[in-house]
Amino acid sequence: GGPVKEFTGEEVAEHCTRDKRVWVTYKDGVYDVTDFLDMHPGGAQRLMLAAGGALDPFWAMYAQHNTDEVRQMLEGYRVGTLVGAAANQQVADPYANEPKRHPALVVRSQQPFNAETPVDVLGTSGLTPNELFYVRNHLPVPHVEPASWSVRVEGEGLKRVELSLKDLTTKFKKHTVTATLQCTGNRRDQFNDVKKVKGLEWGIGAIGTAEFSGARLSDVLAYAGLDGDTIDEIEHIQFEGLDSDISGTCYGASIPISKAMSRHEDVILAYEMNGKDLPLDHGYPVRIIAPGITGARCVKWLSRIIASKEESQSHWQQKDYKSFSPSVDWDNVDWNSAPAVQETNVQSAICEPRPGDILEGSTDEVEVRGYAYSGGGHAIVRVDVSADDGETWITAELEPVYNRRSRNWAWTLWHTTVPLPEAKDGRVKLICRAVDANYNTQPESPAGIWNLRGVLNNAWHEVVLSIE
Ligand code: MTE
Ligand code: MO
């Protein structure tokens, strides 16, 4: 090739619109990605965030880019070499604060870290051990100094207060609640059989239950002066986390004021999980636990609480964790047309036996166990299991982990023995479905509840066994 063209950071920075061509740099390479913009899998807008500057910090945060394939493709757009000060800039590793993790976690993505609880633990432990509790991180784990950590409470009708960890543990009564957390995407993998969805391929393990302790949110809000007289102006309590993306935007979510204010709703600023300090992956030092509400609203690494007329405007409240008709797809979705998921639907799954398990031909019955859970504090009142495609059902024995009248925040484990019908083609299919206290139950198939983001899958859970 000809002589290598050299560009300074200032020259690259001029190429920041489609009109002037869009240039980006990676290490010492300069690339004209104008023609790639509309092919970027995350959308042109995302790539435009780096226009006229370096891709390096973005790739450091979103590790899916750092493959031979993507790097080679980028080389195809090379226009020259970066020189001067910009070429020597080091990118700080945003993942420098990640904790050590238990090797038995079922990893779905490394950076950011996402992993399921192993299934054999799910079906047998009422409380999920901290180190095996599923992890759902959208961003790198933030660095937090517990001694200087504080949460700021503010908003309409409140006096602004700043509470340290010591304040939380000494000024407020410690309240313990046993609660199930479930990711809105739990069991998303089954939707892909209907039609591909965007999101992590969660199996049945994006759920777990722990005993959380902390200060009641209602006590903290009262301390900041929120009372019955000011409450009319406030509809939502917003939360912000310390984890943030490259633009400095932090994770955020909100819950309705009615959930936040009532003592009976048990929302807490949790600093303990199963009697130990909250682990780093689960929001150390303090996170929100809003029992009965989907995991996404239980903000980790809590930094701010804001009383407001408005919902959280965060991406995760407004443009994610919502469900739509199966006819809505990425080209015609109107995110404002659907409410943010709060309480979740009734759910259950078979944890034992496992798909593909082999039974001897002479076996005439099988032990089945699993979990069932419903959002909003609704108890599980029945779990049915079928081995003949739903023609007949056996009612399982329930093992509720924690029961209080009208406040069933935790899952119910269940087990039963199922007589096996004759195997068809050497296979037997087990199905389970749960019924909650409102007599809501699970739909038979995922097709009718398919949604582009793959949330809230609660179709009958199936496990197919082989018979030899
Ligand atoms: N809070 C912050 N700050 N950052 C996050 O990425 N993920 C949310 C929620 N709170 C998240 C967060 C989602 S989607 C879920 S399902 C739960 O945390 C997961 O909690 P866990 O990792 O403790 O299981
Ligand atoms: Mo989630």
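Predicted model: local features only at pLDDT ≥ 70, side-chain atom pairs only at ≥ 80, totals over all residues.
Local features here need pLDDT of at least 70 and side-chain atom pairs count only at pLDDT 80 or more, while totals for chains, interfaces and linings use all residues. Residues are numbered from 1 along each chain as its sequence is written, and chains are lettered from A and ligands numbered from 1 in the order in which they are written.

Reader: What makes a residue part of the surroundings of ligand 1, and how many are there?
Author: A residue is near a molecule if its C-beta atom, placed from the backbone, lies within 6 Å of it. For ligand 1 there are 20 such residues, and His138, Cys183, Gly241, Tyr251 and Gly295 are the closest.

Reader: How do you know which class each shell residue belongs to?
Author: Ala, Val, Leu, Ile, Met, Phe, Trp, Tyr, Cys and Pro count as nonpolar, Asp, Glu, Lys and Arg as charged, and the others, Gly among them, as polar. The shell around ligand 1 then has eleven nonpolar, five polar and four charged residues.

Reader: Why is residues 427-436 called a strand?
Author: Because a strand is a DSSP run of E with at least two residues, numbered from the N terminus; this one is strand S25.

Reader: How do you know that S25 and S26 pair?
Author: Two strands pair if DSSP finds at least two bridges between them. S25 and S26 (residues 461-467) have six, in the antiparallel sense, so they pair. Leucine 430, for instance, stands opposite valine 463 in S26.

Reader: What makes S19 and S26 a pair?
Author: Their two bridges, in the parallel sense, meet the definition. Leucine 359 has isoleucine 467 in S26 as its bridge partner.

Technical notes. Helix = DSSP H or I, 4+ residues; strand = E, 2+ residues; numbered from the N terminus.
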